[in-house]
Amino acid sequence: MAVRDVELTAIEAKRFTRRGERLVVERLDQNSSVSMIVPIDEKTADVEFRFTVTYGAVASIRIEGRILYLGDAASLASTWKERRNMPNEIASEIHQAVMGACIPEAVLIARDLHLPPPVP
């Protein structure tokens, strides 16, 4: 079982303060979530995800994308459909792939918005 491909499909970033204002980021939160799992064939599943960074009331970055996951796609999709949950080892692998693709992208976006980097 393995993540074969990560594709980013949408990026949205907003800064709610002006650049000259004093920047006070009291809280920096990161979250990744899976929104849908669809089997493509018996061994491949299409996993849609969302990665979000929030800088409290200062700014937010949202990245959406897809992962092609190789493994028991039918079982993974049926478990997801029934329980909205995945086995821990698969969830960990998908989460690592999402973070590996989205953190560098979010760092570049944060730089462009003059925000601190969202490094965990």
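How many residues has helix α2, and what span does α2 reach from its first C-alpha to its last? I looked this up in a predicted model, in which local features need pLDDT of at least 70, side-chain atom pairs count only at pLDDT 80 or more, and totals for chains, interfaces and linings use all residues. Residues are numbered from 1 along each chain as its sequence is written, and side-chain values use heavy atoms, without hydrogens and water.

**Helix α2.** I found 25 residues, 88–112, reaching 35 Å, close to the 36 Å expected at 1.5 Å a residue. The expected span is 1.5 Å times one less than the number of residues; helices (H or I, at least four residues) and strands (E, at least two) are DSSP runs, numbered from the N terminus. I noted a kink of about 30° at Cys-102, shortly before Pro-104; the bend is the angle between axes fitted to the seven residues ending there and the seven starting there.

I listed the buried residues of α2, among them Ile-94, Val-98, Cys-102 and Ala-106. Buried means under 20% relative accessible area, exposed over 50%, and partly exposed in between (1.4 Å probe, protein chains only). The buried residues pack against β1, β2, β3, β4 and α1, contact meaning heavy atoms within 4.5 Å.

**Salt bridges.** I counted 7 salt bridges, each a side-chain nitrogen of Lys or Arg within 4 Å of a carboxyl oxygen of Asp or Glu. Arg-66 meets Glu-7 at 3.4 Å, N to O. Arg-66 lies in β4 and Glu-7 in β1, so this pair ties together parts 59 residues apart in sequence. Arg-66 also bridges to Asp-46, at 3.0 Å. I recorded Asp-46 as buried, at 12%, and Arg-66 as partly exposed, at 29%.
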